[in-house]
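I opened the model to look up its charged side-chain pairs and one of its helices. My entries follow in the order I made them.

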Amino acid sequence: MATYLFAWNPVYWNWPELAGEIRRLKRRGHVDIGWASGRTRSIEPGSRAFMVRLGTPPKGIIGSGFTLTAPTPGRHWIDNKRKAGVPALHLRIRLEVLASTPIVSFDDLARPPFSRFRWGVRASGTRVPSTLAGALEDLWEERTKVAGGRGKASAREAKVKDGRAG
């Protein structure tokens, strides 16, 4: 299963629904959101997804889940690009963990083995190298105490591929 980073930068968008989505996640156990996938078209449903906060501190990983859909073209989220007719790719993500501040900070990611990767990605849909994805899962599980860890994501991935996720 591939692992991708999806970027949120409060400098460009303040995510006004974030607090409400965190509340919904706490009630339901997950929240489904639409998000841009940058230029990456090859993201498959069931791929592992991590949400990273960029721009202004605190920076780091604030959420995790998996993709529900493959990217499809749509309207760009940046006003001047939308007005110029530049399309963007969008997909649906089911987040099972989401916080307004990082659970894994950039300081954490500056240490080996994570220091080999540039976590301040330029766009959503950046693939995390498979050599780091397992270590990230282990750190994430430790920080979030999510029962089942990778197995939980893999079970949900199978449901998405079967069309049973809901």
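Is R24 buried, partly exposed or exposed? I find R24 partly exposed, at a relative accessible area of 31%. I use buried for under 20% relative accessible area, exposed for over 50%, and partly exposed for in between (1.4 Å probe, protein chains only).

Basis of the entries. I am working on a predicted model, in which local features need pLDDT of at least 70 and side-chain atom pairs count only at pLDDT 80 or more, while totals for chains, interfaces and linings use all residues. Residues are numbered from 1 along each chain as its sequence is written, and side-chain values use heavy atoms, with hydrogens and water left out.

Salt bridges. I count a salt bridge when a side-chain nitrogen of Lys or Arg is within 4 Å of a carboxyl oxygen of Asp or Glu. The structure has five of them. Side chains of opposite charge can pair when their charged atoms come close.

Entry on R24. I looked up its partner and found E21, with N to O at 3.9 Å. Both residues belong to helix α1 (residues 18-28) and sit three residues apart, about one turn of the helix. I take helices as DSSP runs of H or I with at least four residues and strands as runs of E with at least two, numbered from the N terminus. An α-helix has 3.6 residues a turn, so residues three or four places apart point the same way. E21 is buried, at a relative accessible area of 10%.

Entry on D32. I find a salt bridge from D32 to R94, with the closest N and O atoms 2.6 Å apart. D32 is in strand β2 (residues 31-36) and R94 in strand β6 (residues 87-98), so this pair ties together parts 62 residues apart in sequence. D32 is partly exposed at 23% relative accessibility, whereas R94 is buried at 6%.

Entry on D108. Its side chain meets that of R111 in a salt bridge at 3.1 Å, N to O. I note D108 as buried, at 12%, and R111 as partly exposed, at 46%. A network of salt bridges links D108, R111 and R143.

Entry on helix α4 (residues 130-144). I checked its span, where the expected value is 1.5 Å times one less than the number of residues. For its 15 residues that gives 21 Å, and the end C-alpha atoms are 21 Å apart, which agrees. Among its buried residues I list L132, L136, E137 and W140. K145 follows α4 with a positive phi, near 55°.
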